[in-house]
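Have a look at the model on the screen, and I'll walk you through a few spots on it.

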Amino acid sequence: MDFERVLFRVHAAALDPLVADAPRGRVRPREACRAGAECLLIAGAALLLVSAALHASLGTDRCLAPRLADALRRPGPNATKGWRLPRDAVVKIRFAESLPADEQLFAAVPDDVATRRRLPDDDAGFLDAGRRLDANTTSATPNPSASSDPEARDPWAVPHGEYTLTRDSALLWLDEDRFFPKHRIRAYNATVSARCLDGSSSLARFFHRSMLGYDTPLANQAMEALGSSGALRNDETGVVVRWSRSAVRAPRRARGSGFKAAIRFLWLRLGVFAKSILAFFLLSTVTALVLRVLVSSGVVAAFGLWYGLAAFPAVAARLDFDTLARAYPWLGAPLELLRAQGRPGGPLLAAHAARVVVAYATYEAAQLAFSRWLYGSPLPPELGLAVFGVCLAWECVTMVHLRAAAAIALVPRLQALYFLGLHGSFYGTARPYAFLNLLVACLLMAHASLNGILEFELPALERGDVDVDAPRARRTEMPWPALDAMLPPTWSLYMPLSPADDDPFPDDADLPAPDGAGGGDDDDADGGEAPADDDGDAAASDDS
């Protein structure tokens with residue numbers, strides 16, 4: 001109880017400017033917060049539409065597969081229609097603004113690509129070996145100086161490109177300039193149209209070139225084109241996207257028609273839902289558990305500082321231990337008892353400090369493990385840590401500011417829905433625009449938290465529904481009496497909340513009188529047993 005009272009004081013201090021609502025300049029705090037909540041909702045909804053439009057173009061191989069076929073198909077009389085990338089070969093991929101084949105793909109779309117993007121390669125603006133881009137047109141024309149290019153003379157030379165595609169990711173870690181020519185590892189060259197990856201959309205072109213990059217659309221194109229396991233490396237950033245054969249084959253089988261395809265589709269979606277639920281359970285509970293340990297035992301630093309200053313007589317006379325003990329009673333009360341008994345408090349402080357170190361080390365290990373299990377490739381490597389950061393901020397706001405009954409009933413469910421939808425996009429698409437979707441979820445979750453504070457928490461604080469005596473409207477019941485200064489056990493995080501119509505802090509008049517007695521005072525005087533409240537405070541006080 002005292003732990004919740006400390007958190008309530010932080011909650012009330014944070015909402016004091018909103019309760020007073022004193023104008024600052026020409027703006028009142030409540031109006032500014034409401035405007036901020038509306039901006040969060042508008043920005044989240046707009047980026048959600050952008051994300052939906054960008055994801056609609058994924059899942060095809062129309063841009064990369066024809067270019068790979070041209071590069072890998074055997075020429076001559078023994079040429080075949082099929083092609084396959086050998087496991088001991090790589091493909092160096094370059095970008096061009098557009099290619100002649102784009103006119104067939106986007107025949108009904110006017111060509112709005114008028115500028116040429118210069119790429120940082122040793123061709124100084126030429127987008128392919130033996131080919132260059134005309135500044136006035138969108139077609140590629142032969143380069144007369146191509147015959148003098150050493151790549152054209154040496155069949156084992158490794159061409160330069162922006163991306164490297166291979167079926168064996170081990171080739172990406174070898175020295176291309178020395179190992180590849182020496183061991184006759186073939187390096188093919190392919191040019192992909194940026195206009196095709198953009199879907200001939202100015203909006204997609206803006207987001208790809210200014211914010212998102214082309215890793216996601218090109219990785220999806222490579223998965224669909226190869227149809228097997230592989231790896232794609234961004235040669236500029238060094239980011240490697242890997243995928244397995246099952247990650248490509250399972251969605252393909254679910255796209256067909258018929259009963260079997262429908263069963264595979266439902267099974268695939270069921271797996272996505274189950275994995276999203278698992279991620280929500282693990283991340284939310286681990287973060288909540290570690291955060292409560294850090295907040296409750298982290299105050300050991302304040303007591304350690306007090307003991308350190310008390311060693312100096314000139315400073316010890318001005319220190320007030322009682323004030324510090326009342327501020328954090330779950331640690332101050334045991335230390336007061338130890339001081340009264342003449343026993344040292346160092347072992348207790350050391351135990352809490354060790355608890356903090358072990359909990360934080362466990363949290364860091366959980367981040368690494370869950371990032372590998374739940375957010376492994378082909379998802380971005382930094383995604384797991386980013387999601388953990390969002391969960392940490394979400395849990396802090398929930399622990400401190402979620403206190404009114406209406407907010408407890410609505411806000412966590414809405415945020416959980418956003419979280420599950422975010423992970424559905426992670427697991428439902430081979431390589432999604434993960435950070436864009438994470439930004440959308442962050443904006444919507446922030447809107448839900450801020451709107452819950454304005455609509456539920458602020459009125460509840462003004463009405464007195466939550467105060468120091470009743471710091472939270474809903475709570476978890478303990479099956480035995482407990483002192484107010486005791487910390488709640490960690491397993492109580494996994495217990496359901498008490499019913500909403502159950503008064504968490506009943507008054508004496510609300511308590512039922514003992515059987516056969518008209519007044520509680522007379523019965524207590526006769527030795528009758530006083531009933532305990534839901535938290536066992538009365539029973540705890542009797543035991544003490």
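So, of the 544 residues in the protein chain, 40% count as buried, where buried means under 20% relative accessible area, exposed means over 50%, and partly exposed is in between, with a 1.4 Å probe and protein chains only. Before I go on: this is a predicted model, so local features need pLDDT of at least 70 and side-chain atom pairs count only at pLDDT 80 or more, while totals for chains, interfaces and linings use all residues. Residues are numbered from 1 along each chain as its sequence is written, and side-chain values use heavy atoms, with hydrogens and water left out.

The protein chain has 21 helices and seven strands; those are DSSP runs, numbered from the N terminus, with helices being H or I of at least four residues and strands E of at least two. If you take contacts (heavy atoms within 4.5 Å) with a separation of 6 or more, 72% of them join residues 24 or more positions apart.

The protein chain exposes about 28700 Å², and carbon and sulfur atoms supply 60% of that; accessible areas here are Shrake-Rupley, 1.4 Å probe, and for residues only the protein chains shown count as cover.

Which residues make the nonpolar surface patch of about 590 Å²? They're Phe 281, Trp 480, Trp 491, Leu 493, Tyr 494 and Met 495. Patches take residues with over 30% relative accessible area and no salt bridge, joining nonpolar side chains (Val, Leu, Ile, Met, Phe, Trp, Tyr) within 5 Å and like charges within 9 Å. A salt bridge, by the way, is a side-chain nitrogen of Lys or Arg within 4 Å of a carboxyl oxygen of Asp or Glu. Trp 480 sits in the loop between α19 (434-463) and α20 (520-525), and it's partly exposed because its relative accessibility is 46%.

There's a positive patch on the surface too: Arg 84, Arg 87, Arg 245, Arg 253, Lys 260 and Arg 264. Helices α10 (245-254) and α11 (259-298) each supply at least two of its residues. Arg 264 is in α11.

Asp 21 isn't a glycine, yet has a positive phi of about 55°. Is Asp 21 buried or exposed? At 15% relative accessibility, Asp 21 counts as buried. Arg 184 also has a positive phi, about 55°, but is partly exposed at 48%. And the peptide bond from Ser 377 to Pro 378 is cis, omega near 15°, with Pro 378 in the loop between α16 (346-374) and α17 (383-401).

Note on methods:
Lys and Arg count as positive and Asp and Glu as negative; His and the chain ends are not counted. The place of a charge is taken as NZ of Lys, CZ of Arg, CG of Asp or CD of Glu.
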